[in-house]
Amino acid sequence: MPCSMLAAAILCLGASLVMPLAHAQAGDVPPAEPASLLKWLQAGSYKKWPKESTPHRSMGLHRSQVMTYLNPALDRSLQSKAGAHPKGSAAVKELLDEAGKLSGWAVSVKTSADSEGGKGWYWYEMLGATSNANMASQANGMPLCIGCHTRGRDLVLTPYPLEW
């Protein structure tokens with residue numbers, strides 16, 4: 001096999017091995033745009049992440065029962081007891097009604113390396129699981145979200161290791 005063909009074959013093989021890995025990592029960061037995020041949530045893209053063992057009553061302002069999922073970046077950061085979480089860290093909190101049925105989501109995504117007092121986090125809360133549901137909040141630096149989450153480590157309140 002000529003050298004250029006061998007080099008091309010090695011390059012293609014390398015790309016075929018790296019592309020799925022890059023895609024999997026990109027899929028672990030939720031989109032910070034409401035329409036795309038809703039579709040991502042409805043697809044259950046976060047369900048493979050580390051999560052709490054059982055739903056429990058929210059300790060904050062979120063409605064009734066909740067179940068929290070952490071993306072791999074946030075899970076590693078909390079595990080290492082980092083003072084600041086890396087850009088791309090994310091948590092999804094399923095909001096559940098009294099019967100345990102999904103009734104919405106609360107999502108946080110760190111969108112910049114510096115939290116900037118909460119402005120470096122995208123906050124999203126949807127009260128319902130369909131596109132016509134009530135959007136409670138969605139934006140970087142939501143004052144209500146920051147007000148509660150300021151008590152957490154780099155604005156993350158979820159107890160770690162994951163409980164319940």
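These legends describe close-up views of a predicted model. Residues are numbered from 1 along each chain as its sequence is written, and side-chain values use heavy atoms, with hydrogens and water left out. Local features need pLDDT of at least 70 and side-chain atom pairs count only at pLDDT 80 or more, while totals for chains, interfaces and linings use all residues.

**View 1. The open sheet has six strands in the order S1-S2-S3-S4-S5-S6.** Pairing is antiparallel. Strands are DSSP runs of E of at least two residues, helices are runs of H or I of at least four, and both are numbered from the N terminus. Two strands pair if DSSP finds at least two bridges between them. S1 (56-57) and S6 stand at the edges with a single partner strand each, so one side of each has no neighbour in the sheet. Seven bridges link S3 and S4. Leu 95 has Gly 104 in S4 as its bridge partner. Helix H3 (residues 72-79) packs on the sheet and touches S2 and S3. The directions of H3 and S2 make about 90°; such angles run from 0 to 180 degrees between N-to-C directions, with axes as lines fitted to C-alpha atoms, for helices over the stretch in contact.

**View 2. S5 and S6 form a hairpin.** S5 (residues 121-127) and S6 (residues 134-140) run antiparallel, joined by six bridges. Trp 123 stands opposite Ala 139 in S6. Six residues lie between the two strands. In the turn, Gly 128 has a positive phi of about 140°. Ala 129 is in the loop between S5 and S6. Ala 129 is partly exposed, at 28% relative accessibility; buried means under 20% relative accessible area, exposed over 50%, and partly exposed in between (1.4 Å probe, protein chains only). Ala 129 touches Leu 38, Gln 42, Leu 102 and Trp 105, leaving out residues up to four places away in sequence. Contact means heavy atoms within 4.5 Å. Ser 103 is 26 residues from Ala 129 in sequence, but 5.9 Å away in space, C-alpha to C-alpha.

**View 3. Helix H2 (residues 34-42) buries Leu 37, Leu 38, Trp 40 and Leu 41.** These residues lie on the same side of H2, because they cover an arc of only 165° around the axis. The arc is taken from the directions from the helix axis to the C-beta atoms. The buried residues of H2 pack against S3 (90-96), S4 (102-110) and S5. H2 lies across S3, S4, S5 and S6, at about 65° to S5. At the start of H2, a side-chain oxygen of Glu 33 comes to within 3.2 Å of the backbone nitrogen of Ala 35. Gly 44 follows H2, with a positive phi near 75°.

**View 4. The largest nonpolar core holds 17 residues.** A nonpolar core is a set of buried Ala, Val, Leu, Ile, Met, Phe, Trp, Tyr and Cys residues joined through side-chain atoms within 4.5 Å. Leu 41, Tyr 46, Val 92, Val 107 and Tyr 124 touch the most other members. H2, S2 (65-70), S3, S4 and S5 each give two or more residues to this core. H2 gives the most, with four. Apart from this core lies another, of 10 residues, including Leu 74, Trp 123, Cys 145 and Val 156.

Note on methods. Polar contact = N/O pair within 3.5 Å; in protein donor to acceptor, adjacent residues only side chain to side chain.
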